[in-house]
Amino acid sequence: MQWDVVIGLEIHVQLATQTKLFSGTSTAYGAEPNTQASAVDLAMPGTLPVPNREAFRYATLFGLAVNAEINQRSVFERKNYFYPDLPKGYQTTQLAEPIVGPGRVDIAVGDGEEKMVRIHHAHLEEDAGKSLHEDFHGMTGIDLNRAGTPLIEIVTEPDLNSAEEAVAFARKLHGLVTSLGICDGDLSQGSMRFDVNVSVKPHGSDTLGTRTETKNLNSFRFMEQAIHHEVERQIDILEDGGEIVQETRLYNGDRDESRSMRTKEEANDYRYFPCPDLLPVEIDEAFIEETRRMMPELPDERRARFQKTYGLSDYDADLLSASADTAGYFEKAHSTGGDAKLVANWILGELSGRLNSEDRTIGDCPVAPEKLGDMVARLTDDTLSSKGAKTVFDRLWDDDSQSVDAIIDAEGLRQVSDTGELEALVDSVLADMPEQIEQYREADPKKRKKLMGGFMGPLMKASKGQGNPKVLNEILKKKLDES
Amino acid sequence: MAISRDEIEKVALLARIKTSDEEARSLESNVSNILDLVDQLQSADTDQVEPLAHPLDAVGQLRDDTVTETNQRAAFQRIAPATEDGLYLVPQVIE
């Protein structure tokens with residue numbers, strides 16, 4: 001039987017504000033446990049929350065970027081549940097009146113096709129603390145530094161139909177929020193977390209199947225795996241004549257396993273009600289207009305500009321414009337490197353490969369973009385061969401404080417392109433290779449190109465690797481063909 | 001509207017309040033009385049009335065995004081039952 005997959009996402013995006021949603025406590029990552037947990041965050045009696053304007057600003061920016069309606073009036077509600085990392089016994093969130101109404105994001109699927117994914121809404125809420133389950137003499141350790149950090153939860157309509165589409169959407173969203181500057185986008189620190197709602201239905205059926213929710217996936221890869229895993233699990237159950245239970249599941253990416261998280265007797269009953277501690281918040285037209293003027297260039301516009309200004313291909317422009325970090329790196333490298341296509345090749349090839357293999361992001365790339373550009377400039381002006389450029393790149397990777405020219409000199413990588421000098425070299429090498437020359441001249445012209453390779457090796461060796469291969473090749477061809 | 005014993009027990013569980021049989025019995029009649037009053041309120045015609053988000057007819061003030069809080073961990077942890085390495089310790093949570 002053929003099955004259709006239906007996926008909706010809920011994405012928690014940590015906002016890059018300086019302080020928490022309802023208190024003036026710092027949100028800086030990596031502080032000592034509980035040193036950024038103030039009386040409000042700890043829910044001490046008598047404290048009152050005061051909302052952070054910047055969180056509203058960021059949520060509004062997001063809403064405008066996805067062409068959503070911005071609700072000028074938003075109301076905070078209490079979502080009640082008990083968990084030790086939630087000091088108040090409820091999460092302050094928005095339900096009936098979220099700040100961001102319905103919107104849309106277009107994603108690229110397959111070959112140049114676009115697909116619209118509808119945003120149901122996005123609301124502001126606070127994050128919880130962290131529970132550390134390592135053994136503290138049979139107890140659990142609680143760090144409340146994250147408690148109260150502002151999030152927007154973005155809820156999509158069930159418009160996605162495969163794990164690949166879900167990942168494409170998540171990546172697009174990542175590029176969007178980082179370009180907006182409202183989230184640092186660092187998945188390893190939990191800055192974006194994904195919940196996936198998955199159901200399957202017989203191919204072509206109009207009736208949605210029962211869905212499950214897999215919570216708290218913190219990488220694109222785990223999200224993709226979790227969806228594949230869940231789709232398979234559901235199809236297996238249905239094909240064996242079973243039924244899907246609507247439930248929340250947890251996915252373990254290291255083992256590719258999932259299990260049910262909440263048992264029946266604890267069925268979600270959050271008893272939402274408007275938070276009496278917080279008045280409704282109203283933002284005015286002026287606030288929205290002011291925010292609109294702050295809108296930076298978004299990935300889609302940037303991609304178009306990269307194609308137009310730099311003459312980049314669809315593919316290169318897409319990859320380079322998706323995140324603000326990569327785009328910024330490219331533009332800086334281009335400012336010193338000149339040749340856009342070559343700069344793009346280096347960033348998407350050697351540089352990305354090296355970053356991946358060392359599990360780093362372009363944000364902490366050891367090679368400054370301007371230095372990569374300097375290197376590309378030396379390739380373009382024929383000072384460097386592409387082999388020499390790789391050596392320069394390796395040196396820069398280890399230490400980018402030196403100039404590219406200094407590395408070229410230190411490593412003796414300067415190519416010799418002087419025709420007179422190279423002609424003398426070719427003459428002396430050819431003098432020792434009469435048999436090969438004979439062979440070449442007797443060969444079918446079609447095979448000659450291949451035979452030329454046999455001369456290039458000794459030539460490069462004789463030039464100590466410094467001869468410009470292009471120039472050498474031209475001289476060689478001329479000499480071989482002339483007499 | 002009468003509330004059932006099961007519902008009383010469910011609400012008590014959600015609120016993490018332990019109730020004896022006797023307490024549950026008395027809550028059953030108490031809460032049912034309260035719900036009767038709610039029923040009476042429900043009968044009022046509210047078609048033209050916006051749901052009330054807050055009893056005060058005002059809107060909230062927003063705050064600048066500037067750090068104003070300092071680290072008071074030592075003071076807070078003095079009144080906590082158990083701490084270690086800066087963490088608050090709680091009975092083990094099993095998910």
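1. Let me start at the boundary between two domains: domain 1 and domain 2 of chain A have 1 salt bridge between them, a salt bridge being a side-chain nitrogen of Lys or Arg within 4 Å of a carboxyl oxygen of Asp or Glu. Asp300(A) and Lys172(A) are joined by a salt bridge, with 3.1 Å from N to O.

2. A word on the ground rules: this is a predicted model, in which local features need pLDDT of at least 70 and side-chain atom pairs count only at pLDDT 80 or more, while totals for chains, interfaces and linings use all residues. Residues are numbered from 1 along each chain as its sequence is written, chains are lettered from A and ligands numbered from 1 in the order in which they are written, and side-chain values use heavy atoms, with hydrogens and water left out.

3. Chain A is divided into domain 1 (3–290), domain 2 (297–411) and domain 3 (419–482), with bounds from an automatic or database domain assignment. Taken over C-alpha atoms, the centres of domain 1 and domain 2 of chain A are 35 Å apart. Contact (heavy atoms within 4.5 Å) links 8 residues of domain 1 of chain A with 9 residues of domain 2 of chain A. Together these two domains bury about 560 Å², 59% of it on carbon and sulfur atoms; buried area is the accessible area (1.4 Å probe) that two parts lose on being put together, summed over both.

4. On a 1 Å grid over the protein atoms alone, a pocket is an open set of points where a 1.4 Å probe fits, with protein on both sides within 12 Å along at least five of seven lines; lining residues have an atom within 4 Å of a point.

5. The lining of the second largest pocket has 43 residues, and Arg171(A), His174(A), Phe220(A), Ser323(A) and Thr326(A) lie nearest the centre. Domain 1 and domain 2 of chain A each give this lining at least three residues. Helix 2 of chain A supplies the largest share, 8 residues.

6. Over all chains the count comes to 40 salt bridges. One of them pairs Arg57(A) with Glu290(A), whose closest N and O atoms are 2.6 Å apart. Arg57(A) lies in helix 1 and Glu290(A) in helix 4 of chain A, so this pair ties together parts 233 residues apart in sequence. Helices here are DSSP runs (H or I, at least four residues), numbered from the N terminus.

7. Finally, 57 residues of chain A are in contact with 37 residues of chain B. The area buried between these chains is about 4100 Å².

Note on methods. Helices (H or I, at least four residues) and strands (E, at least two) are DSSP runs, numbered from the N terminus.
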